[in-house]
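Please keep the sequence and the 3D view at hand while going through the points below.

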Amino acid sequence: MFGDAKTFVFQDLSSWTDDEGKRIDQEQEQEQEQEQEQEQEQEQEQKQKQEQEQGSGVASAGQGHGRVAPREIRVRAHIGDAIEDFYETGQVVWPAAPLLCHFLLSDKGRKLLQDKDVVELGAGIGIPGLLAARSCRSLVLTDHNPKVLDRLKANVELNKNELIPDKCQVSVQMLDWMKLPAAKEEEQGGVQQQQQQQQQQQQDQEKERLQLMGLQDKFELVLGADVVYSAETIPFLLDAALFVMKQTEQACFLLAYVSRWPMLDQLLMDEAASRGLEVMELDLSFLPRHLRCDRGEERDGSVADDLRVPPAAFLYACYRPELILSSLLQLLKAKVSDEEQEEPEESSCLVLGRSQLDASLRERKRPVVKLDLQLKGAADMTEEQEVALVELIARQRSFLQELRVSSYRPRAGGDFLLAVARQRVELPQLQILSMQGCSWVRRAGEEETVCSLFRSMRALESLDLSGCELGKEGAGWLALLLPQLPQLRCLLLRSNRLEREGVEDLCPCFSSLESLDLSDNLLHAESMPLVTLDLPSSLHSLLLSGNQLWEGGAEVIADAMRSWRSLRVLELSGCWLGDAGAVEISIGMTACSQLKKLVLSSNSITDEGARAIAEGVEEMTATELELNMSRNGLTSAGCVALIELLLRCEGLVSLDVGDNLVEDEVEKG
């Protein structure tokens, strides 16, 4: 649930320390306590207004009521663990925002902002734009949600005296990307009588159109932070950026982006190219090491932690190559000078983006145990970058234990493994290989080359090929390679368009697995006998969400569960199981005493199925079980049965029954 809105602090963190982060958190807690005390006192209206001004966050705790420190801005934002309403998304701070903020505070960012007219798309609470206002000539903050716009105006008012220079004109305006104005249409049909309501509606639409036309071709710099959230919005976002961006040599679109799904990454690149936009990944050397969050690192939810940059965050500059000024390109490509860069850590983990694949990697002498290549749509990699990448892997072959590559699509065709295998590279120490969203191609005449590489990976334990679009042909090729990996225990094949025929080729390779992910494929009930046939009794994790298994598939899985006595995780979300399927699973789970997580969300299960699952949980004598029954058809009766189970069964430690047909009083209970 969302808590009350509270003051959020963003600071130029070039000299940030953990002690400063704790101090800011303590100040936030003190301010929130003060606001709660003010509400409880219920004093006279005039006195309440004065107390709200004192507790609104305009001054830091312990600093009196003067001006905010010049390196800080303060905004009001929602806080909480979940987004309950789509229209609340603009009232929180999303992970890519800190990256854009830190860039705007850097020397390169300030040079880019100088004397420019700037607009922020999807501004939300407005942190990047408010920071940009320090250096730019004018700023327009835009969003499409009226509630967000009201909060945005309040945040501008909150900071204008302390932060925004007098020379910078700041305004807030509505801009819906999906309703960009076109040229005014000619009236048709001559003089036509309109009803008064329709005339008023036309006048309002014309007024809105004229307001938006005032934004067209006006800005040299367009900002966007974490505004790519679905495939449908990408074309509208790019169209909006082109709509407001000046057609001059100084114009570009800065997009702070977090990679969440490889297919979305590639779509962004493709849609930009179709509009004549060049996309450049900016070097992140301006970002101090202590402001980065490593892959897999747990976040503690503190203010200091919120302002760190996640590992999958990227900063892109989108521009028209035929227009952009060469000096602007040089500024965007510039890296922090050698004397300004921080000393490389002793850590043997190396994270690289496409722009960092250059000849300088040849000079790296320190061993690399973990290599993370966040390439995202590398179809336009240069030949030199590909050579640098393969050479780096070849030099680290004796040390490399974990290799992660995303969306690698080589210039010369083939795939990532083929590019490495052609150099006769061996990886005897490699234990984890992840190739999410990479191309997967079988090249006639070069099968033995790739097989040789696989034979060298004799220590490999985990292989992730999610989103590689294997299909039947790719599955057949993979089935020839997997037998070369004697230590393989974890195989992730999510979102690969696998059908029965592909699984039939792969199933003999499942016999030694402890974890298998076949989620979001094209499997049906008739595929389940093949899937379960060769899975060993030592299986720990099986993920089949997003396949249409129905009752028949559930029955096959339930039969197999009797032999999977080590099973700990079973995910069957969105498998169309229904009550009959839930009954089958409840029977099978009684043999799985080590089960720790069971996901049955989005399966159209009603109260009958819920009661069956409850009986199965009690009979299996589970310990530390997490049960997810959300987004089904449970009424209050079914939820009560599960809640009562939670109260009396010590082995059930977590229960999710959200988004069901539950009466309000039961939800509150």
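Predicted model: local features only at pLDDT ≥ 70, side-chain atom pairs only at ≥ 80, totals over all residues.

A polar contact is a pair of N or O atoms within 3.5 Å, where, within protein, one atom must be able to donate a hydrogen and the other to accept it.

**Helix α6**

- Asparagine 145 caps the N-terminal end of α6, with a side-chain oxygen that lies 3.1 Å from the backbone nitrogen of lysine 147.
- Helix α6 covers residues 146–159, which makes 14 residues, and from its first C-alpha to its last it reaches 20 Å, close to the 20 Å expected at 1.5 Å a residue.
- The buried residues of α6 include Val148, Leu149, Leu152, Val156 and Leu158, and also among them are Arg151, Asn155 and Asn159.

- In strand β6 (residues 221–225), 5 of the 5 residues are buried, so the strand is largely enclosed by the rest of the structure.
- In a regular strand the side chains alternate between the two faces of the sheet.
- Strand β3 (residues 117–121) pairs with β6 in the parallel sense over 4 bridges, and glutamate 120 has leucine 223 of β6 as its bridge partner.
- Strands β6 and β7 also run parallel and are joined by 5 bridges, with leucine 255 in β7 as the bridge partner of glycine 224.
- Together, β6, helix α8 (residues 233–244) and β7 make a right-handed β-α-β unit.

**Aromatic pairs**

- A search of the whole structure finds 3 aromatic pairs.
- In one of these pairs, the rings of tyrosine 257 and tyrosine 316 have centres 6.0 Å apart and planes at 35°, so the pair is tilted.
- Tyrosine 257 lies in strand β7 (residues 252–258) and tyrosine 316 in strand β9 (residues 313–319), so this pair ties together parts that are 59 residues apart in sequence.
- Tyrosine 257 is buried, with a relative accessible area of 2%, and tyrosine 316 also counts as buried, at 1% relative accessibility.
- The rings of tryptophan 550 and tryptophan 576 have centres 4.8 Å apart and planes at 50°, so this pair is tilted as well.
- Tryptophan 550 is partly exposed, with a relative accessible area of 42%, and tryptophan 576 counts as partly exposed at 45% relative accessibility.
- Tyr257, Phe314 and Tyr316 form one aromatic cluster.

Notes
Residues numbered from 1 in each chain as written. Heavy atoms only, no water. Phe/Tyr/Trp six-rings, centres within 6.5 Å; stacked < 30°, edge-to-face > 60°. Helix = DSSP H or I, 4+ residues; strand = E, 2+ residues; numbered from the N terminus. Buried < 20%, exposed > 50% of the residue type's maximum accessible area, 1.4 Å probe, protein only. Expected span 1.5 Å × (residues − 1). Pairing = 2+ DSSP bridges. Right-handed = clockwise from strand over helix to strand, strands pointing away.
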